[in-house]
Amino acid sequence: MANGDPFARMVKMMERQGANLNGYDMSIAKVISVKPLQIIDKGNLIERNLFCNGLIPSDKDEELDEILANEKSISKELKQFLKDLYKELRVEIGDEVLVQRVKNSYYICGKVAGQ
């Protein structure tokens, strides 16, 4: 593009000011469903292109209790630790989560503390 072309200058200005040079958006969203996983982010329902890698979307409280009840060879302390860890990693309806938007995809980074 030529430097003297007004359209080329306008495109360059838009690139400098526009979203292509900005960082990825991060926001706090609310979980409204876990199966299927759905969130509300800035008033918008997000149900597609939604990724939750480090958390467990589950609607069953008894899942881990049933598994641990059958494990006879591990201590009560380890069972309690696993229950506490599971609670921290589990996403429930109403939880607030940190979400990063990358183009048309949404990545849940983790639960917001103080839940």
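Met 26 has Gln 100 in S7 as its bridge partner. That link belongs to the pairing of S1 with S7, which run antiparallel and are joined by six bridges. Strands count as paired here if DSSP finds at least two bridges between them. The strands themselves are DSSP runs (E, at least two residues), as are the helices (H or I, at least four), and both are numbered from the N terminus.

A word on where this comes from: the model is predicted, so local features need pLDDT of at least 70, side-chain atom pairs count only at pLDDT 80 or more, and totals for chains, interfaces and linings use all residues. Residues are numbered from 1 along each chain as its sequence is written, and side-chain values use heavy atoms, with hydrogens and water left out.

**Strand pairing**

S7 is also joined to S8, again antiparallel and with six bridges. Arg 101 is bridged to Tyr 106 of S8. The two strands make a hairpin with two residues between them. Tyr 106 turns up again as the S8 bridge partner of Leu 50. S4 and S8 are paired in the parallel sense, over two bridges.

| Strand pair | Sense | Bridges |
|---|---|---|
| S1 and S7 | antiparallel | six |
| S7 and S8 | antiparallel | six |
| S4 and S8 | parallel | two |

Stepping back, the chain has three helices and eight strands. In sequence order they follow the pattern α-β-β-β-β-β-α-α-β-β-β. Take the contacts (heavy atoms within 4.5 Å) between residues at least 6 apart in sequence: 51% of them join residues at least 24 apart.

**The core**

How many residues are in the largest nonpolar core? It has 14, and those with the most contacts inside it are Val 31, Ile 39, Leu 50, Val 97, Val 99 and Ile 108. S1, S2, S7 and S8 are the elements that give two or more residues to this core, and S1 gives the most, with three. For the record, a core of this kind is a set of buried Ala, Val, Leu, Ile, Met, Phe, Trp, Tyr and Cys residues joined through side-chain atoms within 4.5 Å. Buried means under 20% relative accessible area, exposed over 50%, and partly exposed in between (1.4 Å probe, protein chains only).

Leaving aside residues up to four places away in sequence, Val 99 touches Asp 25, Met 26, Ser 27, Ala 29, Ile 39, Tyr 106, Tyr 107 and Ile 108. Across the chain, buried residues make up 24% of the 115 residues.

**The surface**

The chain's accessible surface comes to about 8500 Å², and 52% of that belongs to carbon and sulfur atoms. These areas come from the Shrake-Rupley method with a 1.4 Å probe, and for residues only the protein chains shown count as cover. Phe 7, Met 10, Met 13 and Met 14 make a nonpolar surface patch of about 450 Å². Of these, Met 13 sits in helix H1 (residues 6-17) and counts as partly exposed at 43% relative accessibility.

Over in helix H2 (residues 62-69) you'll find Asp 65, partly exposed at 38%. Asp 65 and Lys 79 are 14 residues apart in sequence, and their C-alpha atoms are 9.0 Å apart in space.

Most residues other than glycine have a negative phi, and most peptide bonds are trans. Which residues does the cis peptide bond join? Lys 35 and Pro 36, with omega about 0 degrees. Pro 36 is in the loop between strand S1 (25-34) and strand S2 (37-41).

Then there is Asn 49, not a glycine, with a positive phi near 55 degrees. Asn 49 is in the loop between strand S3 (44-46) and strand S4 (50-51), and is partly exposed with a relative accessible area of 42%. Lys 103, also not a glycine, has a positive phi of about 55 degrees. Lys 103 is in the turn of the S7 and S8 hairpin, and is exposed at 69% relative accessible area.

How values were computed:
Patches are made of residues with over 30% relative accessible area and no salt bridge: like charges are joined within 9 Å, nonpolar side chains (Val, Leu, Ile, Met, Phe, Trp, Tyr) within 5 Å. A salt bridge is a side-chain nitrogen of Lys or Arg within 4 Å of a carboxyl oxygen of Asp or Glu.
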